[in-house]
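Work through these exercises with the model open beside you. Try each task before reading its solution.

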Amino acid sequence: MMAWKTLDQMEIAGKKVLTRVDINVPVEDGTVTDTTRIDRIVPTIEAIKAKGGIPILLAHFGRPKGKVVPEMSLRITLPALEEAFGQTVKFADGNYADAVAQLETGDILLLENVRFAPGEEKNDPEFAARLATLGDVYCNDAFSAAHRAHASTEALAKLLPACAGRLMAEELGALEAALGSPNRPVGAVVGGAKVSTKLDLLNNLVEKLDVLIIGGGMANTFLLAKGASLGGSLVEADLTDTAREIMAKAKTTGCRIILPVDGLVAREFKEGAAAEVIALNADTTLEADQMVLDAGPESVHAVLAEFSGLKTLIWNGPLGAFEIPPFDTATVAAAKIAAELTADKRLVSVAGGGDTVAALNQADAADGFTYISTAGGAFLEWMEGKTLPGVAALDQQ
Ligand code: ADP
Ligand code: MG
């Protein structure tokens, strides 16, 4: 449960607040090309300033692996940060103590890429102790880095009064509403390419959900396990036993598993490829070059019927190979309905995953979801039921 403190519960007037953020933004030719991550930390920075605290930003950029790599300097983010915060942002790439000593109320300071230090990824206590001398309070607003036990996400949290930032609190609240203590019935769409990358997810979800809708390439492996022969489709033949185990477990936990009953099948994976709808069941036998690349209309119909019976929906992974039309059809149709049900206040919808977010954007449905997590790995680990070190470290006081 939530034992961590929020910014509102902290005494920070006149204090320096070491704030771990995720500003690992995409950059091309020296400029930030997508400021989403920066925009999302603005409420936290504003809250700290409104309470009279001085934010000192701690962040990583790229994978410098404990060495100074000039191309991975956080300096590159300064113009975008200043634009987002509407003020000058000071920067320190050495002699942090001096830079911190000169801070005044109203200032914001960004420290150089924390991963330039070898102690960061090792969660080195001495490095964390040095960071701790720079501030009075610790605020973690980087949920997307919370699955890693690094000095700036884990060890440091234990050395200072610690709290979750606005974005972190929002993300944890949304996840808690989706899977921690959801309004039932609660269901999930789990799709994407492979069962092998989502085994822990499937195993945790069948324990907690009322309905699990399996789609995408991973549904093929489940159909294979039931006896279908799927030609050139993406399957993981070595995981059919695992698929059977998951289906058996779901029976004991009372989680219904919904598999596609038809698929959009093509012989080529390219835009506009000739595609036909074929029924999918234990007896399906496709020719060697035929591939199931999307769910068919009957399946979409069944998914929509399931959605309308749910109060809470979790979504990770597309229902088909959505990057190439027409194989985005099922994902787009289902995403639009989920967004509509959410708008009608009939559904709480939470989605995450790199390709999932791209697919929901492609369907113009992302804004309609209750919450979209951009946290990738951390989102998945949370959904897998794992303890995130960066969150657990906030729980100690
Ligand atoms: P996420 O990043 O949201 O966790 P995944 O990476 O697990 O999602 O899966 C996304 C990928 O799954 C996409 O590249 C998509 O093309 C692929 N995919 C979905 N359905 C199929 C299918 N039937 N055959 C081949 N690939 C598929
Ligand atoms: Mg992916």
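A salt bridge here is a side-chain nitrogen of Lys or Arg within 4 Å of a carboxyl oxygen of Asp or Glu. Keep in mind that this is a predicted model.

**Exercise 1. Charge pairs**

Task: Find how many salt bridges cross the interface of domain 1 and domain 2, and how many the whole structure holds.

Solution. 
- Step 1. Locate the domains. Domain 1 covers 7-166 and domain 2 covers 174-383.
- Step 2. Apply the cut-off across the interface of domain 1 and domain 2. The rule finds zero salt bridges there.
- Step 3. Apply the cut-off to the whole structure. The search returns 15 salt bridges.
- Step 4. Take one example. D8 pairs with R166 in a salt bridge, and their closest N and O atoms are 3.2 Å apart.
- Step 5. D8 sits in the segment before β1 (16-20) and R166 in helix α6 (residues 166-180), so the pair ties together parts that are 158 residues apart in sequence.

**Exercise 2. The domain interface**

Task: Describe what domain 1 and domain 2 bury between them.

Solution. 
- Step 1. Start with the separation. The C-alpha centres of the two domains lie 37 Å apart.
- Step 2. Count the contacts. Five residues of domain 1 touch ten residues of domain 2.
- Step 3. Take the area. Domain 1 and domain 2 bury about 600 Å² between them, with 59% of it on carbon and sulfur atoms.
- Step 4. Ask who contributes on the domain 1 side. R40, F143 and H147 supply 80% of the area that domain 1 buries against domain 2, more than any other three residues.
- Step 5. Look for polar contacts. Two residue pairs make them between the domains.
- Step 6. Sort the domain 1 residues that touch domain 2. One is nonpolar, two are polar and two are charged.

**Exercise 3. Overall form**

Solution. 
- Step 1. Tally the secondary structure. The chain has 14 helices and 17 strands.
- Step 2. Along its principal axes the C-alpha trace spans about 75 × 45 × 40 Å.

**Exercise 4. Backbone details**

Task: Which peptide bonds at P185 and P326 deserve a look, and where is D29?

Solution. 
- Step 1. Go to R184 and P185. A cis peptide bond joins them, with omega about 0°. P185 lies in the loop between α6 and β9 (186-190).
- Step 2. Move to P325 and P326. Their peptide bond is also cis, with omega near 10°. P326 is in the loop between β15 (312-316) and α11 (329-343).
- Step 3. Check D29. This residue is not a glycine, yet its phi is positive, about 45°. D29 lies in the loop between β2 (27-28) and β3 (31-32).

How values were computed
Residues are numbered from 1 along each chain as its sequence is written. Chains are lettered from A and ligands numbered from 1 in the order in which they are written. This is a predicted model: local features need pLDDT of at least 70, side-chain atom pairs count only at pLDDT 80 or more; totals for chains, interfaces and linings use all residues. Side-chain values use heavy atoms; hydrogens and water are left out. Domain bounds come from an automatic or database domain assignment. Contact means heavy atoms within 4.5 Å. Buried area is the accessible area (1.4 Å probe) that two parts lose on being put together, summed over both. A polar contact is a pair of N or O atoms within 3.5 Å; within protein, one must be able to donate a hydrogen and the other to accept it, and residues adjacent in sequence count only if both atoms are side-chain atoms. Ala, Val, Leu, Ile, Met, Phe, Trp, Tyr, Cys and Pro count as nonpolar, Asp, Glu, Lys and Arg as charged, and the others, Gly among them, as polar. Helices (H or I, at least four residues) and strands (E, at least two) are DSSP runs, numbered from the N terminus.
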